[in-house]
Amino acid sequence: MSEWDELYRENILDHYQHPRNQGVLEHPDITYEDGNPLCGDKLRMDFKIKDGKIDEVRFSGSGCSISQASASMLCERIEGQSLDEVKKISRDDVLEMLGIQLGPVRLKCALLALKTLKAGVYGIPQWPGEEDEK
Amino acid sequence: MSVATVRGTLAPPRSLDARAVRAQFPIFREPRDRPLHYLDSAATSQKPDAVLQAMDRYYATCNANIHRGVYQIAEQATAAYEDARRRVAAFVGAGSPREIVFTRNSTEAINLVAYAWGRHTLKSGDAILLTEMEHHSNLVPWHILAGAGEGLSDHGIELRYIPVTKQGELDLSTLPKLLADGRVKLVGVVHVSNVLGTVNPVVEIARQAHAAGAKVLVDASQSVPHFPVDVKALGADFVAFTGHKMLGPTGIGVLWARREILEAMPPFLGGGEMIREVKLTGSKWNELPWKFEAGTMAIAEAIGLGAAVDYLSALGMDAVFAHDRELLEYALPRLAEVPGVTLLGPPAEKRGGVIAFTLEGVHPHDVATVLDHRGVAVRAGHHCAMPLHEALGVPASARASFHAYSLPEEVDALVEGLHHTRKVFAR
């Protein structure tokens, strides 16, 4: 197996096959669903907000390993963080978490979770990294 | 009806020397870290030297706008452009080059029919009959026409669909009933499915449609590039296809339609070249086919398409078809042997050179990404056929497809790549 395959296995497949924070919340403060029509990836995120912090977060949906793993990684990272901190998470932060190089098509898979988070919690509907292109 | 009898003659299975063909495609000569196994010709084909050289030659020797200039290079450019039209006409058996309208691609050709013919012909209470296996290019223009979509208001035009069977074929037993009330004014059908590869019996569909008083549009995007198609023998009224899937450049497509229908149709886009006379109070239209070619057209691309048609004719479309068939017969059983692979679509004898499949437990995008890291280029997703995937009950699929330069080794690389993908995803 190539170095790339190993990296893919460790970083992405671990989260894909053993997702953290997967599920739904019973009485979420915020629920937001988004998708990537190009791929058919679908993602829902439920949030509970307490004292200006993300108290609980769950994701559910279907899609490729990159879209689902990035949701798992992102949820794991943001639970317990303040809304101000979470707002600063950038497209590059997500790519760093995933740890692999992606072309423009697969990039959308990787960024779906961050887009869903930003649209749901902050009302920012654009793809991460494209906010300034308006 | 077999594919080869579309023209009425059953050609002997004379294949071609794919290795010699491949040597004429610069993309395969380009030095790379690992060899390119290009299995996405249904999305776009690669281009031979002859096509690229024809386009270069136009730009280098006679670049000028067509139909206007009276100077030498403008005359040369016009002659080259119209010569390309004549070659395309001959290639698909059109009655006259006047029946060949250049467009941007198949999508634009179908939109031309929807806007110029559909809007002026279909009324509230009429119906359009399509199939569940259409590419979005033969669905969405009709949705827009019928007002079926976000922000549109319903125009009272009903959309009907011929269903797809579990085997990936059209369920033609439904056709008489779908046509019975006489409200269907247009039947739109894809000749070869871009996902399943299914070759649809368009001659029979056209016969029944005409008997019910409907016109017939055939999306030939995946058929004209791969086997002999005679538009008259199909019995259709409109046939759309695109240059870039038939070894030609992007940006050039074709609408063929029967002359009397084109004559009766109002223009699609307005502008230069499509007019005979313009006054401030109104305009008169140019004759066919220029009535439908507004503005400066893709001249170099049309010339490139002419060269592609010459190239394909020299190979022989029967040979191209036989080559696709050989690769299918080689690939289908090998793919079926990969644990977890489910093949979509009918057996080899009923399909063109397209194989869509799923790999159990692995999303098609992941399949394509792992394969890509081994130099194998396949398509993944819904292939612009979302309703078909819904009908098949799969969210997405991976797809391998061939053309004249495809080799059995590329199938081997795909099969090995799938075994490897299973390993990567095994836990």
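This is a predicted model: local features need pLDDT of at least 70, side-chain atom pairs count only at pLDDT 80 or more; totals for chains, interfaces and linings use all residues.
Contact between them involves 32 residues of domain 1 of chain B and 33 residues of domain 2 of chain B. On the domain 1 side of this contact, at least two residues each are supplied by α12 (317-336), β12 (354-359), α14 (386-392) and β15 (397-401) of chain B, and the most, five residues, come from α12(B). By residue class, this side of domain 1 of chain B comprises 17 nonpolar, eight polar and seven charged residues.

Towards the other chain, 13 residues of chain B are in contact with 17 residues of chain A. The elements of chain B that give two or more residues to this side are α13 (364-372) and α15 (408-425), and the residues of chain B that touch chain A divide into four nonpolar, six polar and three charged.

Within chain B, helix α3 (residues 49-61) packs against helix α11 (residues 299-315) at an angle of about 145°, the axes lying 8 Å apart, and the crossing of α3(B) with α11(B) is right-handed. The contact is formed by A50(B), V51(B), A54(B), M55(B), Y58(B) and Y59(B) of α3(B), together with I299(B), A300(B), I303(B), G304(B), A307(B), A308(B) and Y311(B) of α11(B). The residues of this helix contact comprise 12 nonpolar, one polar and no charged.

Note on methods: Residues are numbered from 1 along each chain as its sequence is written. Chains are lettered from A and ligands numbered from 1 in the order in which they are written. Two residues are in contact if their C-beta atoms, placed from the backbone, lie within 7 Å. Helices (H or I, at least four residues) and strands (E, at least two) are DSSP runs, numbered from the N terminus. Ala, Val, Leu, Ile, Met, Phe, Trp, Tyr, Cys and Pro count as nonpolar, Asp, Glu, Lys and Arg as charged, and the others, Gly among them, as polar. Axes are lines fitted to C-alpha atoms, for helices over the stretch in contact, and angles run from 0 to 180 degrees between N-to-C directions. A crossing is left-handed if the near helix is turned anticlockwise from the far one by less than a right angle, and right-handed if clockwise.
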